[in-house]
Structures are given as C-alpha cells and as structure tokens.
Amino acid sequence: MYYKIENEYLTCEINDMGAELHSLKSKQNGKEYMWQGIPEWWYGQAPILFPVIGQLNSDRFLYNGKAYNMPKHGFARKMLFNMKECSGNKAVFTLQDSEETMEKYPWEFLLTATFELEGNAIINTLTVENKSDKTMYFSIGAHPAFNCKVGDIIEFEKPETICTERIDKTNMLMPEKFPLLNNESTIEITKEIFEPDALILSGMQSKKLRIKGENEVEFTFGDCPVLGIWAKPGAPYVCIEPWHGINDNPVENKDISVKREIVSLEAGKTFVFPWKAEIIK
C-alpha cells in the first residue's frame, strides 16, 4: 500500500512493502524525480538494505560458530513494514524482529524508517534499536534511484582523489582498486561506466553531491564510510547508495563481528543514519 505525504513544494509516496520511497514530485514544475521501477531496466526504486549490504560469501554469515543464511541486501526490502504515522509532511514505518527474521538473524531489533519533507527536500532517517541483550552486528544502507539521462553529471561537493572498488559477476568484491578521480569533482554518466557494475567509493572528502542534467538533485550522504553509485548500463536513472557496510569478497567468510565496515551496536543502544535529497531544478 502507498502512503502519501506533502508540503508546500513536494508530494511523496512511500510503499509499506520495504518502506520503499516510490514517488517524489515537485508541485512547482510537476516533475517526478524518483525512478518508477520499469522492469525491463530495474524493478526497484529505493530499497532499504538491512541487515547486510550486497552479497555474502555463500549467501551466509557466521556468528559464534553458527551459519545463518541471508539474501543479497538483507531481508528488510522484501518485508512489510508497519505504518506508525502518516500525516502532513511526515511518515514513519517500522519493522521488528519476528520468528521469520530470527531464523536468519539472531538479534531482536526495531528498524524505523522516517520520511519527512522540509522545503524542497526529503529527509529519510533510518534508526536501528538493539532490543536484544547482546551486542548486535549489522550493515545498513539506502539505495534511492533518481531519474536522469546518459550524459548527465555527478558532481561532488569537493575535488576528490579516489579509487573505486568493483564487484565481480558473482557479486563478490574484487581485490583490486581502480583509479576514478584525480583531484576532480565530476563523473559523467555514460553507457559504459556501470558495465562492471557499481562504483564503490570510500575515503571521500565530500559529504554531498549533485546529479546535474535536465533535473538537478543535491544528495547529502554525510559521514557514511562507503558510497555506491549504480545503474543498469544505459538506463535512465542512477542510484546513489550511502552504505554502512560492504559486500563480501570471495575468499573470506569470517564471523560477522569482524566483517569489514560492520556496525557494532551494544544492547539497548540506537544507531541513526539519515540521508537527504533536495530538488534544485
């Protein structure tokens, strides 16, 4: 079911399946800024990635010597969230542990997805509460797709000197890093740039970027340690993916507590992860 919020400038719709952002429209120009999930390109729109990001080695993780099966990008994106609030410019959805999740993930948790419109921007805040009596290990990320065209530009807030990591055909992280920017701030969206799959970036100086073309959106990703940028090659969208976590590589299958970029959350504690998209034109 889709739930609608709005303010003076924007209307927004959220699907309670996965608490997935479905629509972000400007009242001023009538444009739709969110990718609409056309299946021949990509059926998704803005999945929430939890409690893992990417593909796990052998589709499982280890915890205290036991293996747990886990699908790519975790289970949250394919589960029905509870709508707790939807009025005016704000909507709140929650997902709590269940018998189904405990079979895959041995922690009690509450995942809250809050969507709030502020001027020409949407702020999505993902909050994880550890409801168990032991330290909880998880990854969490966003995956929103915005309408754009081949030839549009992604412009970082600051000049960057960074490499990109890549994943192979089995969705495992390659050991190599590939040069991407050398004191530069722009990436052109070409048909070829995503042929080896996503750009996977870390060590950025910037906290935000802009997608610039016929539409212009400023995306604030803040202090996330990893940023994915992805589309199907030649597709009319781009996904901006701030991650607290990363894919496995094809060699290691360590305990989840020592997985790269894993979030460690003590019993009773809360982890908060916001991102923001502002419509510029």
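A nonpolar core is a set of buried Ala, Val, Leu, Ile, Met, Phe, Trp, Tyr and Cys residues joined through side-chain atoms within 4.5 Å. Keep that in mind. What you see above is a predicted model.

Let's start with the core. The largest one holds 90 residues. Which of them touch the most other members? Phe50, Leu111, Phe138, Phe156, Ile229 and Ile240 do. Take Phe50. Setting aside neighbours within four places in sequence, Phe50 is in contact with Leu111 and Phe138, among others. Its list also includes His73, Phe75, Phe109, Val128 and Met136.

Next, Glu165. Find Glu165 in strand S13, residues 153–167. Buried or exposed? Glu165 has a relative accessible area of 6%. The cut-off for buried is under 20%, so Glu165 counts as buried. What does its side chain meet? The side chain of Arg260, in a polar contact at 2.8 Å. Beyond four places in sequence, Glu165 also contacts Leu173, Glu176, Lys177 and Ile246, among others.

The whole structure has two cavities of 30 Å³ or more.

Look for Val150, Thr190, Phe194, Lys232 and Tyr237 among the lining residues.

That's the tour.

Definitions and conventions: Residues are numbered from 1 along each chain as its sequence is written. This is a predicted model: local features need pLDDT of at least 70, side-chain atom pairs count only at pLDDT 80 or more; totals for chains, interfaces and linings use all residues. Side-chain values use heavy atoms; hydrogens and water are left out. Helices (H or I, at least four residues) and strands (E, at least two) are DSSP runs, numbered from the N terminus. Buried means under 20% relative accessible area, exposed over 50%, partly exposed in between (1.4 Å probe, protein chains only). A polar contact is a pair of N or O atoms within 3.5 Å; within protein, one must be able to donate a hydrogen and the other to accept it, and residues adjacent in sequence count only if both atoms are side-chain atoms. Contact means heavy atoms within 4.5 Å. On a 1 Å grid over the protein atoms alone, a cavity is a set of points where a 1.4 Å probe fits but cannot get out, and a pocket is an open set with protein on both sides within 12 Å along at least five of seven lines; lining residues have an atom within 4 Å of a point. Grid points are joined across faces, edges and corners, and a volume is the space filled by probe spheres set on the points.
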